[in-house]
2 protein chains.
Amino acid sequence: MKIIIIGAQAAGASAAAKAKRRDPNATICIYEKSDIVSFGACGLPYFIGNHFGDENEMISRTPEQFAKDGIEIKTLHEVIAIDPNLKKVTVKDIKNNNCFDDDYDKLLIAVGAIPIIPPLENRQLENIFTLRDMYDGLAIKKALNQNTNVVVIGAGYIGLEITESLVKLNKNVKLIQLDDRVLTDAFDPELTEIIEENLKQHCDLHLQEQVQGFEGEQKVTHVITDKAKYPADIVIIATGVKPNSEVYKHLNIETLSNGAIVVDNYGQTNIADIYAAGDCVALHHRVSQSMTYIPLATGANKLGKIVGDNLAGGNNQFPGTLGTSALRVFDIEAGRTGLTEQQAIKAGIPYKTVVVKDKNHSNYVEGQTSVTAKLIYHAETRILLGGQIAGGSGAVLRTNSLATAIWANMKIDELAMMDFLYAPPFSRPWDILNIAGGIAK
Amino acid sequence: MKIIIIGAQAAGASAAAKAKRRDPNATICIYEKSDIVSFGACGLPYFIGNHFGDENEMISRTPEQFAKDGIEIKTLHEVIAIDPNLKKVTVKDIKNNNCFDDDYDKLLIAVGAIPIIPPLENRQLENIFTLRDMYDGLAIKKALNQNTNVVVIGAGYIGLEITESLVKLNKNVKLIQLDDRVLTDAFDPELTEIIEENLKQHCDLHLQEQVQGFEGEQKVTHVITDKAKYPADIVIIATGVKPNSEVYKHLNIETLSNGAIVVDNYGQTNIADIYAAGDCVALHHRVSQSMTYIPLATGANKLGKIVGDNLAGGNNQFPGTLGTSALRVFDIEAGRTGLTEQQAIKAGIPYKTVVVKDKNHSNYVEGQTSVTAKLIYHAETRILLGGQIAGGSGAVLRTNSLATAIWANMKIDELAMMDFLYAPPFSRPWDILNIAGGIAK
């Protein structure tokens, strides 16, 4: 059994480890284009913010550790073509540009995602960065040393996290967002208002403003938008990611319109013996029951593990995603799971919502803060569709309770009497989710 | 419709408010023996620890606020007899010792619990306290002013919380526990070990030691145990509570052996038109399917609300308890839900367990600490029976996810791929509950 895996980050690495555990005799070879494996990009804002100094802390396992388990990782090797009929890949050794073919019994495409770069004038100027791999992190950290004016473009998770890190480094940060609110895809307005109100106390937030390009000689000096021109020593473009479809776009592989590979619950593509996982695939959404592009480390690791088992002869199914995610930005933590109101509309599901403003815990324990929860549920069956929670300490971890309830197809009303814990430092006798369940119309 | 409620704390107050909302024309009268209503005893350790100075912060609503809603509360009125045939109660006005009768259509017994006092020599000495009502709190706070040596007897929730408060007031605290570990009823040894290890760094913990009595003239000066004699200016007895059965023990009412009233899911006792709720009742346990004495504010409020609705003509059922509870003590937070291993044995349920030691969140974010989770599940069906989590920040709120999973009769294995959130300040890509679900044998 010869298994080839393209890509050695979250999904590829998880799959390789699991496949080897299931079938110790399998030959497993991972081709990785970069020279870095098992890299956790979620650490980049914390690395740049000097929460830690050694970039290797973002790496879970080295090629040497994989080799010990009998998994060969060839870094700086790019798979440039796949032949599903002959079941072989063509690989370029980036160090010397030599190409060679390699045969597989089973192939896993785990090539991840790449940043979306809007068409911006003078994009090629120095000190204009994206934030995706370790080299982005190292380059930004170096450039920050002598510079103070930073413009961050895009107010999604990464944009907000890097903004916080830079503000805490005493940089002068402008955060520019095309939409009329932050985190548009993940949260509804009742929640993003809370985040924005707090953001404005810490940085210069520009909503509904379109970046058009940059000025500068060699290095960027200004950012031009449809409203103004801002001095900028450094620009970070954080306008989302898309599947890195380069290697499979010549195949007749089924994808979503953005290039995300469609797989079944076993992680199989529509092409025999080719599997896919990670930030290049669409995931089955448990609520909308549709294939959805949600590039998160959680889904990449989970589908990666399932596929790894299946590559080595297993028969496991991925149970689907809820798109559960969270962030902390300045004084606010926010989590979400399932469908937002906007996503329920898009999915054509009749829904109702309930919004509750409450406190995280008892008034007489230090650190009481406001928490807001919004729950979305089916208008007829009353089954939970999604939920979002934002506020001070303790907001985010409540998201996992909601995720569990949605996973179990629970009705909103069941939350009213759910036996959530009460202790003064953590909650009040009626948890905010009890209240939401009790007042939902 | 005339509703009489005995007791104006969590359950009685919740019931009254809900009954009045359902039937604004109902006449509702609450008799409360003390002069304090809607008191939250969980605040006492924080009050004594000077987290706040005004004892009224522990009171949710005053008699005046109830009166505004048309609910009459007669404080310092003790119901001394119930006649279920004539449907009347006999009430003593404590201020003048006058007695009178009052008729009811529906009666709610919500008299709560009282401390269990072991038979100890010289218990009557001054400065030996229990910790249950506001006057206990005020008296302890006053006595603490000039004194430094405190002995706390009993290492349950209250014993541990008051120990922390007193240590932080720089008192010299000995905590004496009869059992060989703390929190015996709520947690299994794998978890209590973690709590004990941390406790020992902050106070003088004595396990497996039996207090026999006290010495002193007017005030206590020493505590005598089976092992030694300790100087003590103040003693706090926190050895648990039992139903306050005084008012109903002459009735032929069904109770558990400890006097906890058995009610059906509607909150009705075996006597027509008499309901009960709060710390004097047994609750239906969703996992063991038996009536269990779990005197917690959460259950009292919830059953109180259900019963309030039913008193006024409703037809609601209490869905049961999981005994979910939590505490923070020094550097450890701990939560539990469902059955412990010991409780599974007692319930005769075939079970397996899984214990995971992990971290609360990513290594590169400040505040990473250890978290330990123990899950108990049915040996054959693999359905979750209970769970306990202890560790640093973020341990406790995960308990609510477990409670939700147990509520939904989820299998342990479903946790492996559950879509829990990942963000570096809150978790790791595989949450500790994912790991537990994945490795459970």
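This is a predicted model: local features need pLDDT of at least 70, side-chain atom pairs count only at pLDDT 80 or more; totals for chains, interfaces and linings use all residues.
Residues are numbered from 1 along each chain as its sequence is written, with chains lettered from A and ligands numbered from 1 in the order in which they are written.

Student: How far apart do the C-alpha centres of domain 1 of chain A and domain 3 of chain A lie?
Tutor: Domain bounds come from an automatic or database domain assignment. Domain 1 is 2-40 + 59-113 + 242-311, and domain 3 is 333-439. Their C-alpha centres are separated by 36 Å.

Student: Which residue stands opposite B:Leu108 in S19(B)?
Tutor: Strand S7 of chain B covers residues 106-109. S7 and S19(B) pair in the parallel sense over 3 bridges. Opposite B:Leu108 stands B:Tyr275.

Student: Which residue takes a positive phi in the hairpin of S4(A) and S5(A)?
Tutor: Strand S4 (residues 77-83) and strand S5 (residues 88-93) of chain A pair in the antiparallel sense over 6 bridges. A:His77 stands opposite A:Asp93. The hairpin has 4 residues between the strands, and the positive phi, near 50°, belongs to A:Lys87.

Student: And which residue takes a positive phi in the hairpin of S5(A) and S6(A)?
Tutor: S5(A) also pairs with strand S6 (residues 98-103) of chain A, in the antiparallel sense over 6 bridges. A:Val91 has A:Phe100 as its bridge partner in S6(A). With 4 residues between the strands, the positive phi near 65° is that of A:Asn97.

Student: Why are the two copies related as by a two-fold rotation axis?
Tutor: Copies are superposed by least squares on the C-alpha atoms of residues with pLDDT of at least 70 in both. Chain A falls on chain B with RMSD 0.0 Å and 0.0 Å of shift along the axis. The two-fold relation thus follows from a rotation of 180°.

Student: Which residue of chain A comes closest to the rotation axis?
Tutor: The distance is taken at the C-alpha. At 2.1 Å, the closest residue of chain A is A:Ser401.

Technical notes
Two strands pair if DSSP finds at least two bridges between them. Helices (H or I, at least four residues) and strands (E, at least two) are DSSP runs, numbered from the N terminus.
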